[in-house]
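Here are my notes for someone opening this one for the first time. Have a look through the model, then read on.

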Amino acid sequence: EVLVDVRTPLSESIRQYGPQKGVLPHQIERMTQALLDWANLLNKWRVSQHKDPIPLDIEGGGAAGGIAFALAACFDARLMPGAPHFAHVTGLAGSIRTPDGTPALVIVGEGRMDATSFEGKVVEVVCQKARQLGATVVALVGSQRDPIPPPPIGPDHIFISGETPNREEAFVRTIRDLGHWLNAQ
């Protein structure tokens with residue numbers, strides 16, 4: 001079993017995550033085709049080993065730049081959503097309740113929050129579990145791109161430190177803003 005942090009198939013991985021990693025728009029199609037060519041080679045090898053090919057759209061196959069697909073193809077690995085697994089083994093639900101049983105305030109962090117933050121990553125699972133337990137979710141993020149899903153999928157409030165050369169100052173400002181918000185509640 002291989003735990004993956006996204007649901008994205010291999011065929012969508014460059015389009016979905018490439019721009020975060022510096023891939024330019026004109027490079028996306030060529031890089032996607034290279035990944036698919038590689039996946040087809042892995043599937044040809046599987047067939048030569050008398051195994052069924054792995055679907056190119058297997059959920060989670062795009063995780064870790066396609067390494068998840070390769071593990072499925074080469075080692076018959078079963079791709080499993082990682083965030084729900086870790087939520088279970090760490091007892092996340094129990095951490096969302098205060099000692100007296102009332103819902104807690106849940107704070108999540110993300111370097112850059114965008115639509116991909118809600119594609120099987122930890123932020124999505126924490127928000128889901130918090131919602132099930134009636135907790136408020138606050139996100140502390142470095143930057144935000146794309147519209148973030150509103151509650152119940154996304155956080156109730158987002159505090160953005162912003163792109164700045166002085167990260168320490170931005171962090172302190174963000175924590176101060178959070179403190180002011182909490183005092184107003």
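What share of the contacts in the chain with a separation of 6 or more comes from residues 24 or more positions apart? The figure is 60%, where a contact means heavy atoms within 4.5 Å.

1. Ground rules. This is a predicted model, so to speak of local features I need pLDDT of at least 70, side-chain atom pairs count only at pLDDT 80 or more, and totals for chains, interfaces and linings use all residues. Residues are numbered from 1 along each chain as its sequence is written, and side-chain values use heavy atoms, with hydrogens and water left out.

2. Overall layout. You'll find seven helices and five strands in the chain; these are DSSP runs numbered from the N terminus, with helices being H or I of at least four residues and strands E of at least two. Reading from the N terminus, the order is β-α-α-α-β-α-α-β-α-β-β-α. Along the principal axes, the C-alpha atoms fill a box of roughly 65 × 40 × 25 Å.

3. Of the 185 residues in the chain, 39% are buried. Buried means under 20% relative accessible area, exposed means over 50%, and partly exposed is in between (1.4 Å probe, protein chains only). The chain exposes about 10,800 Å², with carbon and sulfur atoms supplying 58% of that; the areas come from the Shrake-Rupley method with a 1.4 Å probe, and for residues only the protein chains shown count as cover.

4. Helix 3. In this helix (residues 67-75), the buried residues are A68, F69, A70, A72 and A73. Their cover includes strand 1, helix 1 (10-17), helix 2 (28-48) and strand 2 (79-81). Just after helix 3 comes D76, with a positive phi of about 55 degrees.

5. D76 again. The side chain of D76 also meets that of K51 in a salt bridge (2.9 Å, N to O). By salt bridge I mean a side-chain nitrogen of Lys or Arg within 4 Å of a carboxyl oxygen of Asp or Glu. K51 sits in the loop between helix 2 and helix 3, and D76 in the loop between helix 3 and strand 2, so this pair links distant parts of the chain, 25 residues apart. Both partners count as partly exposed, K51 at 28% relative accessibility and D76 at 43%.

6. Helix 6. Here (residues 122-132) the buried set is V123, E124, V125, V126, C127 and A130. They pack against helix 4 (82-89), helix 5 (92-95), strand 3 (105-113) and strand 4 (136-144).

7. Which side chain meets E124 in a salt bridge? The partner is R7, at 3.0 Å, N to O. Because E124 lies in helix 6 and R7 in the loop between strand 1 and helix 1, the pair ties together parts that are 117 residues apart in sequence. E124 is buried at 8% relative accessible area, whereas R7 is partly exposed at 34%.

8. Other salt bridges. The count comes to nine. D146 and R145 form one of them (4.0 Å, N to O), and E12, R15 and E29 are linked in a network.

9. A nonpolar patch. L3, F86 and V89 form a patch on the surface, with about 270 Å² of accessible area together. Such patches take residues with over 30% relative accessible area and no salt bridge, joining nonpolar side chains (Val, Leu, Ile, Met, Phe, Trp, Tyr) within 5 Å and like charges within 9 Å. L3 belongs to strand 1 (residues 2-4) and is partly exposed, at 36%.
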